[in-house]
Number of protein chains: 2
Amino acid sequence: MTPQLSRRGFIGTGALGIAGAGLVAGKDVQTATAIPLESPLSIAEVPTPALLLDLDAFEANLERMARHLAAKKIGMRPHAKTHKCPLIARRQIDAGAIGICTAKVSEAEVMVDAGITDVLITSPVVTHDKIERVIVLAQRAPGLEIVVDQSQGVRDLAQAAKAAGVTQRVLIDLDTGTRRTGIPPGAPALALLEELLRHPTLRFDGLQAYAGHVMHVSGFEPRKARSLDSLARCLETKSLFEQAGHRVPVFTGGGTGTFDIDCDVPGMTDLQVGSYIFMDTQYRSIGDRDSDIFDTFAPSLFVLTTAISQPSDGLITVDAGFKAIANEPATPPQFLEFPELRYHYGGDEHGIVQFPDERRPLRLGDKAKLIVSHCDPTVNLYDVYYPYRNGRVEELWPVAARGRSQ
Amino acid sequence: MTPQLSRRGFIGTGALGIAGAGLVAGKDVQTATAIPLESPLSIAEVPTPALLLDLDAFEANLERMARHLAAKKIGMRPHAKTHKCPLIARRQIDAGAIGICTAKVSEAEVMVDAGITDVLITSPVVTHDKIERVIVLAQRAPGLEIVVDQSQGVRDLAQAAKAAGVTQRVLIDLDTGTRRTGIPPGAPALALLEELLRHPTLRFDGLQAYAGHVMHVSGFEPRKARSLDSLARCLETKSLFEQAGHRVPVFTGGGTGTFDIDCDVPGMTDLQVGSYIFMDTQYRSIGDRDSDIFDTFAPSLFVLTTAISQPSDGLITVDAGFKAIANEPATPPQFLEFPELRYHYGGDEHGIVQFPDERRPLRLGDKAKLIVSHCDPTVNLYDVYYPYRNGRVEELWPVAARGRSQ
């Protein structure tokens, strides 16, 4: 029982009464493919607020991570919950990814629909409707894997796979200390494995140990200590499984925050890096190996906003608020070109920008790029990316899995 | 130059391999109309996270506000930025609204496309593309009004109206002290009026005085004092205009937080109430005339979520995080049926729920309704509402203006 609106992109004619609108009007397009513009837009012509993607920075990030993990002989399994865009998932696979992650079943469905079939669903499901969707999806995507973290889920998944006459690939999700999902490492995990192995319709592929609580620990050394500590008990579980005679082909985890920590952990097979392609002020604030700012990867994702009102000389108001940039109060958005300006959320529709001195780099009608607070939930607010190079947008990239949190 | 994706609802077949899926498959539908379900869903069958609407509570709120304002002889001009749904706007007009508000031009376009033509755009625009869109839209919607708050905007709007051979209706937006948009009351506003009146292609309809900074002031009496104070200077501006010989037909402002304060202010013509139809924990926390909880209007909007993991006995994890409920840290979501449980955001995809004692009202696989922190940006995360009565969902209501922040 799964009503779903599969949004198909449709270039409307509503706004096309305006002379010069450079779009393919009335053309029905798949959300998994780029939407060509009849004539390119300059950034100044993009209606705001809008999600911009700097292709040069994005591609440099893609390549930097791919090279880093290849050199470490660690698999790259990027998390598509960050971008929700099959076009970007395809780029990651072309750059050497062994597959992608999605957080939810509906997100995986979008990726499989777009031909990306090596998908790991990183969050467990427990209800019958979701379990059935996984099994249905796996019949189109033999590479589909999902995590399990408790008995009931194992039994229900096994039963659904049996009813469909298929074998379902699964990983056991370990609680790394995040206390969000996962079974405790050690004996409870081994008991779950033994239960799992009694079901011939399930195939055990390995372990997931994602330490969500570690990714944003400030400072490289404290983060390293926390990550190694979290992984240690999970790796002991891997040894426990192996001592009991079970192969553990996959040991997956890690993220952008630990990309150059977890890659050196013996036993780790692949990293679930997500935000590295875009970056955001939250990740920048944690620092990296060399600096107080985590700038190994450059910001490539921005919300373009326009100054629309000036209630007093020391302030200017822009057209991007909570509905344009997801709220992460500890690390507000920052202007790429004007780091001295302070952005404050001004409600759902606006931001209020403070000038620290007499300079006025932003005037009414000006557009400017904001590095967002938190990239994943911000991307989830938009239907399309405006990718640009040399200041020109040639096509739009659909956020095909936008809103797919089910 | 206004590329827009007008999302047309499309009931996909991706999830319909499952026996019993009760949907009209493959049927292209307009987003402004309800999407019928082939067979009704019980709430337990709704895939989570999902946006639920309790129709009884919603209709009671609609009627309560309509009766209240009618009794006060004050117009109701509900803000559609809360619901982004033409079906709900239509209900508000049927209940006596004189028109609706939208925050942005693209939101107004969706409403006009759906046949709702008395629309006030409550935020100024300054760029040529947006000004042209307003003028184009007004030719289909003679009731369309927009606010102005500075000279350049007045001149550009007048020029665009002249080029199109139309007269554009405008309100002057006053800064009530929010320091977000609006011109200062008094002499600056009068100077702007005089400039406006020199343009025969603009028609001055009145004043907007929306005190955004007052709506969430805690406690009825402090909120009343702040609201009356904010409005006083704006009402002096109205007198100033009238003394200078200018009629001020409209004096609009107010919101859900001041619905029973501003209605008693002489000179006020209509209130821009928005959140009253849904309510949220942020508004509930401010109290009302009689109580520490603002419960004159009942919560009607919920995010339905499922418990999917239980990392330890004192906690349970649900499938709704930042992507399902907009983050408003001061007033977290609350379970409608289990007020004793504490919801904590557990990242983009999850919430972590704390049990305060040995009772376990929520178990793996259970679904429960969360009153959201902040209704407007939460609605903006979803493509559809699941409206229900007596526990049954018969149709889906598209959030047709979702993502329309331009």
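**View 1. Packing of helices α5 and α6 of chain B in the predicted model**. Helix α5 (residues 151-164) of chain B packs against helix α6 (residues 187-197) of chain B at an angle of about 15°, and their axes are 10 Å apart. Because angles under 35 degrees count as roughly parallel, α5(B) is roughly parallel to α6(B). The crossing of α5(B) and α6(B) is right-handed. On α5(B), the contact is formed by Ser151(B), Val154(B) and Arg155(B), and on α6(B) by Leu192(B), Glu195(B) and Leu196(B). Classified by residue type, this contact of α5(B) with α6(B) comprises 3 nonpolar, 1 polar and 2 charged residues.

**View 2. The open sheet of chain B**. The sheet has 8 strands in the order β3-β10-β9-β8-β7-β6-β5-β4 (chain B), and the pairing is parallel. Strands β3 (75-76) and β4 (100-102) of chain B lie at the edges, each pairing on one side only.

**View 3. Pairing of strands β5 and β6 of chain B**. Strand β5 (residues 119-121) of chain B pairs with strand β6 (residues 145-148) of chain B in the parallel sense, over 2 bridges. Opposite Leu120(B) stands Glu145(B) of β6(B).

**View 4. Packing of helices α1 and α2 of chain A**. Helix α1 (residues 55-71) of chain A and helix α2 (residues 86-94) of chain A pack with their axes 10 Å apart, at an angle of about 40°. The two helices, α1(A) and α2(A), are therefore oblique to each other. Their crossing is right-handed. Phe58(A), Glu59(A) and Leu62(A) of α1(A) make the contact with Ile88(A), Arg91(A) and Gln92(A) of α2(A). By class, the contact of α1(A) with α2(A) contains 3 nonpolar, 1 polar and 2 charged residues.

Conventions. Residues are numbered from 1 along each chain as its sequence is written. Chains are lettered from A and ligands numbered from 1 in the order in which they are written. This is a predicted model: local features need pLDDT of at least 70, side-chain atom pairs count only at pLDDT 80 or more; totals for chains, interfaces and linings use all residues. Side-chain values use heavy atoms; hydrogens and water are left out. Axes are lines fitted to C-alpha atoms, for helices over the stretch in contact, and angles run from 0 to 180 degrees between N-to-C directions. Helices (H or I, at least four residues) and strands (E, at least two) are DSSP runs, numbered from the N terminus. Angles under 35 degrees count as roughly parallel, over 145 as roughly antiparallel, 65 to 115 as roughly perpendicular and the rest as oblique. A crossing is left-handed if the near helix is turned anticlockwise from the far one by less than a right angle, and right-handed if clockwise. Contact means heavy atoms within 4.5 Å. Ala, Val, Leu, Ile, Met, Phe, Trp, Tyr, Cys and Pro count as nonpolar, Asp, Glu, Lys and Arg as charged, and the others, Gly among them, as polar. Two strands pair if DSSP finds at least two bridges between them.
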